[in-house]
Amino acid sequence: MLASLMLAASQPAAAFAQPAAHDDAATKVAAVTRPMSVPQETDGYVGTRTPQDHKDFKQLQGPFTTPEQVTQACLSCHTQAARQVMSNIHWTWKAWDPKTKRIVGKNEVYNNFCVSPISNEQFCTVCHIGYGSTDPNTFIPFSQRAEDRVDCLACHDQTKTYRKIPFIGGNPAMEKIAVRPGCNEVYGTDKPYVLPEDLPQIAKSVGPPTRYTCGLCHFYGGGGDGVKHGDLDSSLDEPSHDLDVHMDAKGLNFPCQQCHQSGDHRISGRHYTIDAVPVSDAFLRGAPHNGNAVTCQSCHSETPHHRNDDITALVAGTLNMHTRDIACQTCHIPEFARGSLPTKLDWNYATAGKLAPNGSPLVMVDKRGWNTYWGVKGSFAWGVNVVPDYRWFNGTEDWLHIGDKARPDKNGVVAINQIEGSATDGKSRIWPFKISRNNQPYDMKTGTLAVFHSFGFDDDAFTMAYDWKKAITVGMKAANLPFSGEIGFEKTAMYWPITHMVAPKSKALACRDCHANNGRLQNIDGVYIPGRATDHQPWIERIGLLMAALACVAVFLHGTIRVAMWLRRKF
């Protein structure tokens with residue numbers, strides 16, 4: 001094709017001479033007989049981009065004895081890629097929050113599943129886009145790593161065979177490695193071992209990130225499939241239309257980056273600060289940035305409902321009126337964890353440490369096969385098809401930072417992240433949330449939640465010695481925090497905004513789901529719901545009914561008198 005275009009460009013103009021302007025018939029014929037060697041003029045970009053096929057690239061043929069050698073080969077062409085990766089939160093695990101004026105990120109704030117990566121980095125970096133030390137006891141800080149320590153394959157593998165191995169700093173297996181009992185899901189195998197990776201084969205098969213590659217970290221966050229988010233699990237790798245209308249594998253089949261637009265390895269969409277009430281125009285691809293592509297409004301606008309065969313103009317207008325106060329996700333994600341996989345709702349560290357008769361960590365499962373107790377973590381409660389909790393939300397989350405004093409609310413619960421928003425601030429909408437709850441250790445004297453050394457092969461790791469005091473001593477030291485030695489357990493709650501698993505519109509919430517007593521918005525203030533008991537004042541309603549009754553009586557009397565007067569005149 002290229003040769004044809006070059007040949008066409010080299011031909012004299014007479015070769016494609018058009019008939020004279022006055023010959024209308026000839027002009028019409030010429031208009032529909034464009035020479036095939038001449039490309040059709042187009043207005044802007046058309047079609048899908050075709051990525052380079054890497055299988056024949058000399059640099060990627062191997063052999064590779066270390067994963068860093070693969071990165072070096074990648075950087076021989078993609079010269080700026082490592083620098084770009086190392087400047088984003090996927091690498092640093094920290095970022096500046098302009099709303100709260102504080103640094104946020106995994107190493108900066110608490111969570112209530114594994115609490116903190118601090119002192120657990122050699123395990124937790126199984127979900128980091130870099131290579132660290134293969135020594136389980138040696139962590140290399142991200143800021144001290146060279147560019148060839150960036151892991152290109154973690155995001156760009158297309159074979160679905162590449163796995164990073166826990167306890168060795170996020171490196172892949174370069175030799176046969178035994179799987180630690182109970183950790184098969186994290187190692188990505190059902191065998192008691194993993195085999196060395198075929199790095200040349202994987203390197204020659206790279207391509208754009210897929211739902212699978214993104215999901216290796218985001219689906220399995222918190223220690224297992226679906227544990228953390230509630231709206232992200234491996235069922236989204238090849239989802240049905242009912243599970244997610246956008247990622248539907250047989251429909252739109254959106255990859256993650258369809259919404260999470262990226263450039264220079266910076267990925268849009270933030271966990272710590274969310275655009276809860278986007279006010280910009282629709283996002284137009286190829287145009288100057290005039291909207292956040294991650295938001296529903298970027299494609300659907302602020303008035304997404306239109307008159308059609310199913311709804312009238314009046315109904316469409318009423319639904320569009322709701323978008324002023326209600327996030328799209330609230331109606332269009334009626335439940336989370338809908339892909340048959342459960343999500344963890346409650347976690348109790350206080351019960352951890354029990355062993356089976358053979359000395360291994362005690363494991364208990366319910367009749368559905370769900371793990372309800374594991375000696376290394378404690379007891380759990382799971383859920384599927386979970387109805388979200390709803391809150392006013394303006395996009396700001398005030399996180400409990402490492403070392404902050406825990407301040408329980410009136411119910412004795414410490415908020416890991418405070419959700420800000422109200423009906424009157426002009427910045428909020430009603431959003432759906434998963435609330436993750438835990439009962440986790442804290443220092444009774446200083447009042448701070450504990451950072452503890454969970455994972456490792458050393459005697460201080462909780463998963464080895466089942467000794468809270470040892471594990472917390474090591475963790476608090478790594479976090480540069482004092483530890484009194486007095487251990488208690490504090491109830492905590494963590495909010496996760498729900499924004500994936502968008503249901504078909506036929507399964508969106510109906511009016512009665514909210515506009516009813518004990519409906520979904522029962523506990524939301526600042527909105528009037530006629531069917532909700534709390535929106536009614538009995539004495540006012542009695543007065544209103546009495547006035548209506550008196551009006552009816554007056555109308556009846558007036559009518560009776562008029563009829564009587566008419567009859568009197570007639571007879």
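Guide: The questions below concern a predicted model, and they turn to a surface patch, a cavity and a pocket.

Visitor: Why is Ile 540 called partly exposed?

Guide: Buried means under 20% relative accessible area and exposed means over 50%. Ile 540 has 45% relative accessibility and therefore counts as partly exposed. This residue is located in helix H17, which spans residues 538-570.

Visitor: What makes the nonpolar surface patch?

Guide: Trp 539, Ile 540, Ile 543 and Met 547 make a patch of about 450 Å². A patch residue must have over 30% relative accessible area; the 45% of Ile 540 is given above.

Visitor: How many cavities of 30 Å³ or more are counted, and what volume has the largest cavity?

Guide: The count is three cavities, and the largest cavity has a volume of about 70 Å³. A space is called a cavity because a 1.4 Å probe fits there but cannot get out.

Visitor: Which strand supplies the largest share of the lining of the largest cavity?

Guide: Strand E7 does, with four residues. Strands E7 (343-348) and E15 (429-443) each supply at least two lining residues. By class, the lining has five nonpolar, two polar and five charged residues.

Visitor: What lines the second largest pocket?

Guide: The second largest pocket, with a volume of about 590 Å³, is lined by 29 residues, and Gly 182, Glu 185, Gly 223, Asn 371 and Trp 374 lie nearest its centre. Its lining divides into 17 nonpolar, seven polar and five charged residues. Helix H8 gives the largest share, three residues.

Technical notes. Residues are numbered from 1 along each chain as its sequence is written. This is a predicted model: local features need pLDDT of at least 70, side-chain atom pairs count only at pLDDT 80 or more; totals for chains, interfaces and linings use all residues. Side-chain values use heavy atoms; hydrogens and water are left out. Patches are made of residues with over 30% relative accessible area and no salt bridge: like charges are joined within 9 Å, nonpolar side chains (Val, Leu, Ile, Met, Phe, Trp, Tyr) within 5 Å. Accessible areas come from the Shrake-Rupley method with a 1.4 Å probe; for residues, only the protein chains shown count as cover. A salt bridge is a side-chain nitrogen of Lys or Arg within 4 Å of a carboxyl oxygen of Asp or Glu. Buried means under 20% relative accessible area, exposed over 50%, partly exposed in between (1.4 Å probe, protein chains only). On a 1 Å grid over the protein atoms alone, a cavity is a set of points where a 1.4 Å probe fits but cannot get out, and a pocket is an open set with protein on both sides within 12 Å along at least five of seven lines; lining residues have an atom within 4 Å of a point. Grid points are joined across faces, edges and corners, and a volume is the space filled by probe spheres set on the points. Ala, Val, Leu, Ile, Met, Phe, Trp, Tyr, Cys and Pro count as nonpolar, Asp, Glu, Lys and Arg as charged, and the others, Gly among them, as polar.
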